[in-house]
Amino acid sequence: MAQSLGREPMKFEIYRYHPETDSKPRMQAYEVEVERGMMLRDALLAIQAEDETFAFRHSCGEGVCGSDGVNVNGVNCLACTTPVSELKPPVQVRPMPGRPVIRDLVVDMSQFYNQYQSVDPWLKRTEPNPEHEIRQSPAHRDQLDGLYECIMCGCCSTSCPSFWWNPDKFLGPQALLTAARFVLDSRDQATAQRLDALEGPYKLFRCHTIMSCVEVCPKGLNPTRAIGQLKAMMLKDAV
Amino acid sequence: MSRQASGLQAWAVQRLTAIYLGGFFIYLIVAVLLDPPASVELWRARFGGVASVAWLLFVLALCWHAWIGIRDVVLDYIHPPVWRLSALVAFGGGLVACALWGFKIILLAAGG
Ligand code: SF4
Ligand code: SF4
Ligand code: FES
């Protein structure tokens with residue numbers, strides 16, 4: 001939507017829910033004077049200034065911390081890197097889908113973090129650690145591009161239908177991207193163990209290549225490709 | 001079903017059977033378009049010899065592919081164990097019956 005230079009009122013509808021006092025969630029309408037270059041996070045801050053009962057998470061304001069993932073007009077994104085000029089009013093802002101709501105846009109991400117933890121997101125060595133850093137060729141380093149940049153915002157996993165249906169068993173795109181990040185790291189020495197851990201019908205193979213994760217990643221990462229790499233490596237291991 | 005069969009193997013079989021099904025469909029369409037069998041006898045001839053093996057494989061691939069697909073849907077959407085088991089047994093049994101029926105048709109056509 002084209003935006004003029006001055007301030008313009010824009011309509012927002014925000015998901016409001018306080019589980020301790022509200023019997024059910026509701027959408028509340030607000031109007032914000034939007035300025036050129038304004039991000040959705042700024043608009044949410046303006047709403048909060050007007051109505052301090054409204055809760056949402058945010059921190060860095062520049063797409064680094066990953067704390068302000070929200071669902072806007074049906075699509076997950078980071079509020080701080082989403083220009084309001086790109087949104088169609090009334091802008092409907094909801095919490096990320098499928099997660100228990102703590103309050104308003106604040107959701108409980110514990111399960112998502114547990115899935116991340118379950119892939120052992122650290123380098124594993126069988127050899128004793130050397131005195132100096134473990135060296136990597138530039139080609140090996142390149143393998144990690146598109147994997148290490150994840151900021152764990154959860155936009156991908158919470159827009160993945162397979163994660164909605166089986167969040168306790170399917171690891172979800174974020175954790176699988178992380179698994180690939182360590183499986184493909186030349187310095188890691190637990191490749192076979194990591195691949196074995198992904199076997200079975202759920203952890204990895206609930207992914208049906210729907211690619212909702214790729215569409216929403218604010219860092220432009222491609223979990224589907226990483227999942228494909230994991231499957232290919234498992235296949236190579238098996239034959 | 002072993003642990004292997006439930007994850008990677010199912011995924012690989014799904015892809016292999018898809019390739020066979022795709023190839024066989026193309027062959028069928030081309031064969032019927034280029035040389036449409038004029039009579040029942042000529043149709044039957046298409047099921048004899050090597051062709052009968054290809055047809056049997058086709059039915060097997062079709063049912064196996066369908067099984068993996070339906071199992072995926074059930075694992076995604078049906079969570080209570082009793083319902084899940086019932087659904088798997090019903091679909092699995094149905095597919096086995098279809099496969100046997102298909103085999104019978106092919107073998108009768110090939111033998112007759
Ligand atoms: S590609 Fe896989 S991980 Fe990504 S959204 Fe689809 S099912 Fe989920
Ligand atoms: S892969 Fe992208 S969308 Fe998913 S958690 Fe990481 S940064 Fe967020
Ligand atoms: S506030 Fe840190 S990523 Fe948006």
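This is a predicted model: local features need pLDDT of at least 70, side-chain atom pairs count only at pLDDT 80 or more; totals for chains, interfaces and linings use all residues.
## A helix pair in chain A

Let's start with helix α2 (residues 110-118) and helix α5 (residues 172-183), both in chain A. Their axes come within 8 Å and cross at roughly 20°. Angles under 35 degrees count as roughly parallel, so that is how α2(A) and α5(A) run relative to each other. The crossing of α2(A) and α5(A) is right-handed.

Who does the touching? On the α2(A) side, look for F112(A), Q115(A) and Y116(A). On the α5(A) side, the contact is made by Q174(A), A175(A) and T178(A). Sort these residues by class and you get three nonpolar, three polar and no charged.

## A helix pair in chain B

Over in chain B, helix α4 (residues 50-77) packs against helix α5 (residues 81-111). The angle here is about 170°, and the axes sit 10 Å apart. That makes α4(B) roughly antiparallel to α5(B).

As for what this contact of α4(B) with α5(B) is made of, count 20 nonpolar residues, plus three polar and two charged.

## The largest pocket

Now for the largest pocket, with a volume of about 180 Å³.

To find the pocket in the structure, look for its lining residues: S118(A), V119(A), D120(A), K124(A), L171(A), A179(A), Q193(A), R194(A), A197(A), L198(A) and K203(A). Helix α6 (residues 191-197) of chain A gives the largest share of the lining, three residues.

Methods:
Residues are numbered from 1 along each chain as its sequence is written. Chains are lettered from A and ligands numbered from 1 in the order in which they are written. Side-chain values use heavy atoms; hydrogens and water are left out. Axes are lines fitted to C-alpha atoms, for helices over the stretch in contact, and angles run from 0 to 180 degrees between N-to-C directions. Helices (H or I, at least four residues) and strands (E, at least two) are DSSP runs, numbered from the N terminus. Angles under 35 degrees count as roughly parallel, over 145 as roughly antiparallel, 65 to 115 as roughly perpendicular and the rest as oblique. A crossing is left-handed if the near helix is turned anticlockwise from the far one by less than a right angle, and right-handed if clockwise. Contact means heavy atoms within 4.5 Å. Ala, Val, Leu, Ile, Met, Phe, Trp, Tyr, Cys and Pro count as nonpolar, Asp, Glu, Lys and Arg as charged, and the others, Gly among them, as polar. On a 1 Å grid over the protein atoms alone, a cavity is a set of points where a 1.4 Å probe fits but cannot get out, and a pocket is an open set with protein on both sides within 12 Å along at least five of seven lines; lining residues have an atom within 4 Å of a point. Grid points are joined across faces, edges and corners, and a volume is the space filled by probe spheres set on the points.
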